[in-house]
Structure formats: structure tokens, C-alpha cells
Amino acid sequence: MTEHKIVVSLADRSYPVIVGSGVSNQLQALIPKTAKRAAIVTQQKIPLKVNLEIESTTITIGDGEQHKNLQTIESISQQFAKFGLTRSDVVIGVGGGMVTDVAGFAAASWHRGTAVIHLPTTLVGMVDAAIGGKTGVNLDQGKNLVGAFWQPTAVICDVESLKTLPERETRCGLGEVAKYHFLSGDDLLAIELPERIARCVQIKAEIVSADEREQGGRAVLNYGHTLAHALERSSSFALAHGEAVAIGMIFAAHLARFMNRIDDDRLAYHYKVIRDTYRLGVELPKTIKRSDLVGLMRLDKKAIDGLTFVLDGKNGIEIVSGVEEKYIDQAFNAMQVI
Ligand SMILES: NC(=O)c1ccc[n+]([C@@H]2O[C@H](COP(=O)([O-])OP(=O)(O)OC[C@H]3O[C@@H](n4cnc5c(N)ncnc54)[C@H](O)[C@@H]3O)[C@@H](O)[C@H]2O)c1
């Protein structure tokens with residue numbers, strides 16, 4: 001089967017992303033030559049088991065966003081210490097975005113920076129979370145508030161592992177794929193896996209290469225995410241990330257329409273792509289209150305100047321600060337939120 005190799009170009013921190021069926025057998029070859037030991041961070045139900053020629057230990061972390069916290073980082077770090085992991089060894093994250101975010105942050109802080117390789121096993125992980133070096137954990141006050149930029153040494157997307165992925169998790173991945181649809185204009189559903197994954201990786205790699213630390217263009221990757229993060233929290237994570245991103249993009253489109261950034265046709269196109277093509281939910285849960293969402297959106301990391309969103313417009317998708325509350329109210333009204 002075809003194998004794809006995409007390079008995330010970041011000078012001396014450039015790395016390959018390998019996409020294909022059975023490609024996890026390339027792991028050993030991609031491990032830094034200095035590494036004598038590997039600490040594998042994973043979860044109980046991850047189907048992908050890795051085989052290594054060097055000494056390894058497996059650290060199993062809890063499942064779900066409630067475990068994406070500093071206690072988990074502390075526990076992982078203590079297990080690194082007991083295992084004797086050194087700075088020249090390697091951390092390997094095997095799992096969804098939750099695992100690769102946590103493993104990445106643990107690696108970033110272990111001895112102030114230890115190599116990490118990610119083997120994402122969800123669609124969200126492959127097209128988004130494992131690529132680009134953003135790592136971190138949640139606080140009670142918000143998602144991903146503590147973290148670091150720490151680029152992996154390599155990313156291996158073995159599409160075989162997607163065979164066991166529950167349908168809902170696949171839908172979540174499609175939420176991120178739909179995001180790339182708006183960023184690139186490509187009809188990504190028209191191409192097969194693993195080409196579709198490789199194309200998403202390529203789009204993300206280009207954006208990350210141009211703005212590694214999100215000082216500008218990289219923020220467009222947060223399309224739909226301002227509301228999505230607030231939705232995830234206010235639903236106590238009953239809404240999964242990709243599901244929340246899909247609703248968040250619809251909200252952003254309404255907002256852009258009320259701000260006169262896009263026309264009715266472009267708003268309708270968002271419904272066509274997200275609801276009709278990718279078959280994702282576009283309704284806000286009735287139990288969620290707008291006042292809670294607005295409060296949480298003010299905590300968003302992008303919100304350095306009032307309420308900040310990534311919005312579609314005549315110049316394409318871009319970051320917009322200081323969005324007036326009247327437009328937010330209008331967008332919530334359009335989506336029938338109390
Ligand atoms: N760092 C980034 O740039 C970035 C980007 C997007 C999302 N994220 C983060 O990623 C997380 C979401 O990632 P996710 O959607 O992959 O969720 P997840 O990692 O929580 O995985 C979802 C569920 O699927 C299970 N699972 C994973 N792989 C499986 C497989 N192959 N077969 C069966 N079950 C499997 C997991 O155990 C879990 O129960 C969030 O924490 C989000 O903040 C980070």
C-alpha cells in the first residue's frame with residue numbers, strides 16, 4: 001500500500017510524518033541513535049502495540065480529558081525517574097490527541113527537553129494533535145492552559161490502528177478534517193484514506209512551518225475552536241473536541257455573517273460542508289447557557305484583546321480580536337441558544 005512522507009520544515013527541528021498502513025514498523029529506525037531506553041506513554045484500550053529493540057517501559061495513563069492534567073504529568077515524570085530515563089533517551093506517545101498532548105508535555109519538561117515520537121491512533125491525532133509541537137494539559141480553569149511548544153522527532157500515522165476507532169471518534173476526526181476543508185478549499189472527502197490524512201498533515205505542516213509558535217498565521221488552525229473549547233468545558237466534556245469544533249465553525253460562520261465579513265451563500269456553504277457533506281452535528285446542546293459560554297470564551301488563550309475569534313472573511317480565515325458582544329448575541333440567537 002502507498003506510504004506518504006511529509007516533512008514539517010522547521011530548520012534543525014524538521015521532522016518526518018509517515019502515513020500509511022503498517023508504517024508503525026518504522027518506529028525503531030526513527031528513534032534517535034542516542035536513545036538507550038524508551039518510555040512508552042499510552043492508554044489501556046489503545047490497540048497499537050509497539051516493538052522496540054531498546055529497553056522500554058510502558059506507562060498507562062487514564063482515559064478522558066479529566067486525566068489530561070498536571071497530576072498525570074507528575075505521575076508520568078515519577079515513572080520516568082524510576083525507569084532511569086535520561087535526556088538522551090526517548091518518549092513515545094501512542095494514542096489519541098489526549099495521549100500525545102500529555103506525552104509531549106511530559107517529554108518537553110523531562111530534563112528540560114527529551115525527544116518524543118508520536119504514534120497517533122485517532123483521526124484527530126493523525127490530522128491534527130500529533131503534528132506541530134503543541135503540547136499541554138488542562139486546568140480546572142480552562143483547556144490546555146499549561147503547556148509547551150515541543151516538536152516531535154517523528155510522527156508515525158499507522159492507519160491500521162483506525163480500524164478499531166469507535167464511530168463517534170471518527171466523526172470527531174471529521175470535525176478537524178472539515179476545518180482543513182475551509183482552510184484549503186480542498187474537497188477532502190473525495191480522496192481516500194490514507195491520502196486524506198496525508199493531505200491534512202501537509203496543510204498543517206505548511207501552516208506550522210510558516211509560524212511555529214503561533215505569532216500569526218498558525219492561529220487559523222483554531223477555526224471553530226474559541227466556542228469549541230468553551231462548549232467542551234461547559235458540557236463537562238460530554239461533547240467531544242471534534243464535535244465541538246464542528247458546532248464552533250457554524251457559530252463562527254454566523255458571527256462572520258452578522259459582522260458582514262461573509263455573505264449568505266458562504267454561511268449556507270458552512271452548513272453544506274459540515275452538516276450535509278461531513279454529516280456532523282451543528283446544533284448547540286439545549287442545556288448549555290450562553291452566559292456560561294461567553295465567560296469561558298473570555299478565558300481563551302487568543303483573547304488578549306477582548307473576545308477573539310478566528311473568522312472567515314474576504315481575506316480568507318483570520319484572527320479577529322475585540323468582537324462586540326452584540327454580534328455574539330446575534331449568533332447565539334441564530335443558533336437558538338438561551
Ligand atoms: N496539540 C494539538 O495541536 C491538538 C490539536 C487538536 C486536538 N488536541 C487535543 O487532542 C485531544 C483530543 O484527541 P482525540 O480526539 O484523539 O481524543 P482521545 O485521545 O481522548 O481519544 C478518544 C478515545 O479513543 C480511544 N482510542 C484512541 N485510539 C483508539 C483506537 N485506535 N481504537 C480504539 N479506541 C481508541 C482513547 O482511548 C479515548 O478513549 C484533546 O485533548 C485536544 O485538546 C491537540
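Colleague: Leaving aside neighbours within four places in sequence, which residues is Ile156 in contact with?
Modeller: This is a predicted model, where local features need pLDDT of at least 70, side-chain atom pairs count only at pLDDT 80 or more, and totals for chains, interfaces and linings use all residues. Residues are numbered from 1 along each chain as its sequence is written. Two residues are in contact if their C-beta atoms, placed from the backbone, lie within 7 Å. By that test the partners of Ile156 are Ile18, Val23, Ser24, Gln26, Leu27, Leu30 and Leu119.

Colleague: Is Ile156 buried or exposed?
Modeller: Ile156 sits in strand E9 (residues 154-158); strands (E, at least two residues) and helices (H or I, at least four) are DSSP runs, numbered from the N terminus. We call a residue buried if 20 or more other C-beta atoms, placed from the backbone, lie within 10 Å of its own, exposed if 12 or fewer, and partly exposed in between. Ile156 has 27 C-beta neighbours inside 10 Å, so it counts as buried.

Colleague: How many residues of H3 are buried?
Modeller: H3 has 13 residues and spans 18 Å from first C-alpha to last, close to the 18 Å expected at 1.5 Å a residue (the expected span is 1.5 Å times one less than the number of residues). Its buried residues include Gly97, Met98 and Phe105. H3 is largely enclosed by the rest of the structure, because the buried ones number twelve of the 13.

Colleague: Which residues come nearest to the ligand?
Modeller: A residue is near a molecule if its C-beta atom, placed from the backbone, lies within 6 Å of it. There are 29 residues around the ligand, and those that come nearest are Gly96, Gly97, Met98, Thr122 and Val124.

Colleague: Which element gives the largest share of the side of domain 1 that touches domain 2?
Modeller: The domain assignment, automatic or from a database, gives domain 1 (4-209) and domain 2 (223-334). Their contact takes 20 residues from domain 1 and 21 residues from domain 2. On the domain 1 side, strand E8 (142-149) and H5 each give two or more residues. The largest share, 13 residues, comes from H5.
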